[in-house]
Amino acid sequence: MSVVTKRQRRLRRRRRVRARVTGTTQRPRLSVYRSNRGVFAQLIDDDKGHTVAAVNWIEPDLRKLTASEQAKRAGELLAKRAKAAGVETCVFDRGGYQYHGRVKALAEGAREGGLVF
């Protein structure tokens with residue numbers, strides 16, 4: 001019997017979701033990565049293999065905020081950058097994380113910023 005770690009379970013969920021969720025030029029995939037220190041998000045066009053817009057927790061306006069405020073502001077910033085790139089709708093890829101806490105705050109921030117998913 002093998003021991004399955006928490007990280008391995010998350011990656012298995014991530015692969016299962018990624019088998020079904022793909023981003024297109026009109027509707028890119030909003031991919032979320034959550035680390036212990038912050039949150040990363042990007043809009044990916046899987047057809048071309050390009051990142052349309054991205055946001056990182058180490059940006060100056062996000063660095064000093066608390067974790068949930070940081071995630072919400074990151075979502076708003078990503079939505080703003082997506083609008084500038086001509087993207088209005090996307091598909092949400094939570095990356096195997098539970099839709100709770102920082103992941104939920106990022107999604108709500110992106111919706112408030114004007115992204116539709």
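## The second largest pocket

Arg-10, Arg-14, Arg-29, Ser-31, Val-32, Tyr-33, Phe-40, Ala-41, Gln-42, Ile-44 and Gly-95 line the second largest pocket. Here a pocket is an open set of points on a 1 Å grid over the protein atoms alone, where a 1.4 Å probe fits, with protein on both sides within 12 Å along at least five of seven lines; lining residues have an atom within 4 Å of a point. Two or more lining residues come from each of α1, β1 and β2. The space in this pocket is about 150 Å³.

This is a predicted model, where local features need pLDDT of at least 70, side-chain atom pairs count only at pLDDT 80 or more, and totals for chains, interfaces and linings use all residues. Numbering starts from 1 along each chain as its sequence is written, and side-chain values use heavy atoms, leaving out hydrogens and water.

## The largest pocket

The largest pocket comes in at about 370 Å³. It has 13 lining residues, and those closest to its centre are Lys-6, Arg-7, Arg-10, Arg-34 and Tyr-97.

Strand β4 (residues 91–93) holds Asp-93. Beyond neighbours within four places in sequence, its contacts include Arg-29, Ser-31 and Val-32 (contact means heavy atoms within 4.5 Å).

Definitions and conventions: Helix = DSSP H or I, 4+ residues; strand = E, 2+ residues; numbered from the N terminus. Points joined across faces, edges and corners; volume = space filled by probe spheres on them.
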